[in-house]
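Subject: A structure for you to look at

Hi there,

Here is the structure I promised to pass on to you.

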Amino acid sequence: MLCDMRCCVSMLANCPHACPLVPPVFVVRPRNQVVAVGRTVTFQCEATGNPQPAIFWQREGSQNLLFSYQPPQPSSRVSVSQTGDLTITDAERSDVGYYSCQALNIAGSVITKALLEVTDGEFRQSVTPRITSWRHLG
């Protein structure tokens with residue numbers, strides 16, 4: 001029993017019969033979202049595995065990683081909840097892009113991404129040109 005506890009608590013691989021390692025699997029994937037400038041948007045991301053995977057986020061093209069266990073920065077508009085959800089407050093046009101959610105444990109990792117689009121909030125109507133007459137050139 002001591003081996004079982006040590007394996008599960010310290011995640012040692014020397015007791016595979018006690019707590020088999022299971023790679024992460026997404027149970028909630030983030031969806032593409034459109035938000036108006038100044039609004040708040042949240043991307044959900046949740047995974048299971050053994051041991052429970054850590055969730056982190058990264059904006060495409062950025063070197064910064066955002067983890068759920070990081071304390072929120074007072075000046076930052078971006079945070080990750082304890083459950084792994086990414087929230088962007090006071091959205092700006094510069095926030096547009098792909099955001100990747102990765103779940104990681106000692107058994108493996110999985111990654112998925114979603115697109116954020118930020119609009120100016122104005123209603124835009126698509127205009128289709130109308131042909132009123134045909135004239136044969138020739």
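Predicted model: local features only at pLDDT ≥ 70, side-chain atom pairs only at ≥ 80, totals over all residues.

Let's begin with the core. The largest nonpolar core has 18 residues, and Phe-43, Trp-57, Tyr-99 and Leu-116 are the ones that touch the most other members. Strands E3 (41-43), E5, E8, E9 and E10 (108-119) each supply at least two residues of this core. As general background, nonpolar side chains in soluble globular proteins tend to be buried together.

Leaving aside its neighbours within four places in sequence, Leu-116 is in contact with Gln-33, Val-35, Val-41, Phe-43, Ile-88, Asp-95, Val-96, Gly-97 and Tyr-99.

Asp-95 sits in the loop between strand E8 (86-88) and strand E9 (97-105). Is Asp-95 buried or exposed? Its relative accessible area is 5%, which is under the 20% cut-off, so Asp-95 counts as buried. Beyond its neighbours within four places in sequence, Asp-95 makes contact with Arg-59, Arg-77, Ile-88, Asp-90, Leu-116 and Val-118.

Asp-90, one of those contacts, also lies in the loop between E8 and E9. Asp-90 has a relative accessibility of 42%, so it counts as partly exposed, a class that runs between 20% and 50%. Its backbone is worth a look too: the phi of Asp-90 is near 50 degrees, a positive value in a residue other than glycine.

There is another backbone feature to find in a loop. Which two residues are joined by a cis peptide bond? They are Asn-50 and Pro-51, with omega at about 0 degrees. Pro-51 belongs to the loop between strand E4 (46-50) and strand E5 (54-59).

Finally, please go to Lys-113 in strand E10. Lys-113 is partly exposed, at 44% relative accessibility. Not counting residues up to four places away in sequence, Lys-113 touches Glu-60, Tyr-98, Tyr-99 and Ser-100. With Glu-60 there is a polar contact of 3.4 Å between the two side chains. Lys-113 and Pro-30 are 83 residues apart along the chain, yet their C-alpha atoms are separated by 6.8 Å.

Enjoy exploring, and write back with any questions.

Best wishes

Note on methods:
Residues numbered from 1 in each chain as written. Heavy atoms only, no water. Helix = DSSP H or I, 4+ residues; strand = E, 2+ residues; numbered from the N terminus. Buried < 20%, exposed > 50% of the residue type's maximum accessible area, 1.4 Å probe, protein only. Contact = heavy atoms within 4.5 Å. Core = buried A, V, L, I, M, F, W, Y, C linked by side-chain atoms within 4.5 Å. Polar contact = N/O pair within 3.5 Å; in protein donor to acceptor, adjacent residues only side chain to side chain.
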